[in-house]
Amino acid sequence: MKQRIISALLGLCVLGFVLAFYETAVFNIAVTLLIVMAMYELFKAAKLTQYKPLFALCLVFSVLVPLMQTKHLSNQLALICGAYAFLLFCALIRYHDTLHIEQLSLAFFFGLMIPFSFSTLLFMHDRYVMPVSMLYLLITLGGAWLTDTGAYFVGCKFGKHKMAPTISPKKTIEGAIGGILCNLICYYVLTMLYITVADLVFGITIQVNYLALGCLAPLASLAGILGDLSASVIKRQCGIKDFGSIMPGHGGVMDRFDSVLFVAPTVFMYIQYVDLFKIVR
């Protein structure tokens with residue numbers, strides 16, 4: 001537990017640094033590094049890093065995805081994705097003796113899922129003005145991590161009914177409910193604190209749609225739980241305990257961001273149809 005707490009504090013320091021430079025290229029670099037590290041951990045878990053040209057191709061494509069929101073590349077999205085698929089089949093022909101179509105499909109899936117999901121953090125950053133965009137980022141991360149934290153403590157205290165015993169034996173239904181409630185409460189507390197600081201420090205008044213925020217909270221929590229369970233399935237089928245060891249006590253990047261992988265696109269799609277926050281002054 002001590003090791004987990006120390007790693008968590010160091011992680012929060014890194015997050016604080018990134019947020020301090022939120023409106024600079026530091027944030028874009030941080031998300032790109034997140035994509036690269038997550039790709040490496042997943043390819044390593046699936047034993048696909050041995051096919052270096054295949055891995056390099058998927059890595060290059062994943063780095064290009066965050067850039068596709070630029071006008072020039074966004075117009076070439078279909079062409080780039082088509083070229084990506086074409087080159088993947090070239091890799092299959094090259095390594096046909098050892099590389100199976102199931103492995104190629106997995107590489108294709110990782111190459112699409114990871115960068116497009118994490119890039120929604122950049123989409124929210126670029127499409128919404130400060131300080132609203134940062135608030136969207138905070139509720140995205142909160143939807144993943146607050147749910148996980150609440151589920152852990154409530155599950156330890158009251159957990160009796162296993163949610164997915166063969167996938168993740170320690171997760172309980174009571175813990176999941178506790179995590180959802182924890183996230184709902186923290187969403188309101190975090191938002192009220194944030195808009196208060198924005199008003200006092202920056203003189204900006206943010207109007208909040210509290211009903212829509214309350215509806216988003218359980219959706220984000222459920223997406224986070226789904227992401228966590230999905231990562232657990234991958235680890236079990238790959239025969240590993242953690243995706244990496246970059247964060248002692250927590251594992252790798254994917255161990256810490258597996259929930260964010262599902263929460264980020266959920267929040268992004270939700271706010272395309274519902275205005276959560278609006279600057280009124």
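Author: The radius of gyration is taken over C-alpha atoms, and the globule rule is 2.2 Å times the number of residues to the power 0.38. The model discussed here is a predicted one.

Reader: What makes the radius of gyration of the protein agree with that of a compact globule?

Author: For 281 residues, the rule gives a radius of gyration near 19 Å. The protein has 20 Å, and the value therefore agrees with that of a compact globule. Along the principal axes, the C-alpha atoms fill a box of roughly 60 × 50 × 35 Å. Of the 281 residues, 43% count as buried, that is, they have under 20% relative accessible area.

Reader: What does the secondary structure come to, and what share of the contacts joins residues at least 24 apart?

Author: The secondary structure comprises 11 helices and four strands. Among contacts between residues at least 6 apart in sequence, 73% join residues at least 24 apart.

Reader: Why are α2 and α6 called roughly antiparallel to each other?

Author: The axes of α2 (residues 25-45) and α6 (residues 101-127) cross at roughly 160 degrees and come within 10 Å. Angles over 145 degrees count as roughly antiparallel. The value lies on that side of the cut-off, and α2 and α6 are therefore roughly antiparallel. Their crossing is right-handed.

Reader: Which residues make the contact of α2 with α6, and how do they divide into nonpolar, polar and charged?

Author: On the α2 side the contact includes Phe27, Val31, Leu34, Ile35 and Phe43. On the α6 side it includes Phe110, Ile114, Pro115, Phe118 and His125. The residues of this contact divide into 15 nonpolar, four polar and no charged.

Reader: Which residues of α8 and α9 meet, and into what classes do they divide?

Author: Among them are Ile180, Asn183, Tyr187 and Ile195 in α8, which meet residues of α9 including Tyr210, Leu213, Pro218, Ser221 and Ile225. The contact of α8 with α9 divides into 15 nonpolar, five polar and no charged residues.

Reader: Why is serine 221 called buried?

Author: Serine 221, in helix α9, has a relative accessible area of 0%. Buried means under 20%, so serine 221 is buried. Leaving out residues up to four places away in sequence, serine 221 touches Gly143, Thr147, Gly179, Ile180 and Asn183. Serine 221 and glycine 142 are 79 residues apart in sequence, yet their C-alpha atoms are 9.2 Å apart in space.

Reader: How do you know that serine 117 and threonine 120 are buried?

Author: Serine 117 lies in helix α6, and threonine 120 also lies in α6. The relative accessible area of serine 117 is 4%, and that of threonine 120 is 5%. Both values are under the 20% cut-off, so both residues are buried.

Reader: What makes valine 129 exposed?

Author: Exposed means over 50% relative accessible area. Valine 129 has 54%, and it is therefore exposed. Its place is in the loop between α6 and α7 (132-158). Valine 129 and lysine 278 are 149 residues apart in sequence and 9.9 Å apart in space, C-alpha to C-alpha.

Reader: What makes the peptide bond from methionine 130 to proline 131 cis?

Author: The omega angle of this peptide bond is near 0 degrees, and the bond is cis. Proline 131 lies in the loop between α6 and α7.

Reader: Why is lysine 47 called exposed, and what is its phi?

Author: Lysine 47 has a relative accessible area of 52%. Exposed means over 50%, so lysine 47 is exposed. Phi of lysine 47 is near 60 degrees, a positive value in a residue other than glycine. Lysine 47 is found in the loop between α2 and α3 (52-64).

How values were computed:
Residues are numbered from 1 along each chain as its sequence is written. This is a predicted model: local features need pLDDT of at least 70, side-chain atom pairs count only at pLDDT 80 or more; totals for chains, interfaces and linings use all residues. Side-chain values use heavy atoms; hydrogens and water are left out. Axes are lines fitted to C-alpha atoms, for helices over the stretch in contact, and angles run from 0 to 180 degrees between N-to-C directions. Helices (H or I, at least four residues) and strands (E, at least two) are DSSP runs, numbered from the N terminus. Angles under 35 degrees count as roughly parallel, over 145 as roughly antiparallel, 65 to 115 as roughly perpendicular and the rest as oblique. A crossing is left-handed if the near helix is turned anticlockwise from the far one by less than a right angle, and right-handed if clockwise. Contact means heavy atoms within 4.5 Å. Ala, Val, Leu, Ile, Met, Phe, Trp, Tyr, Cys and Pro count as nonpolar, Asp, Glu, Lys and Arg as charged, and the others, Gly among them, as polar. Buried means under 20% relative accessible area, exposed over 50%, partly exposed in between (1.4 Å probe, protein chains only).
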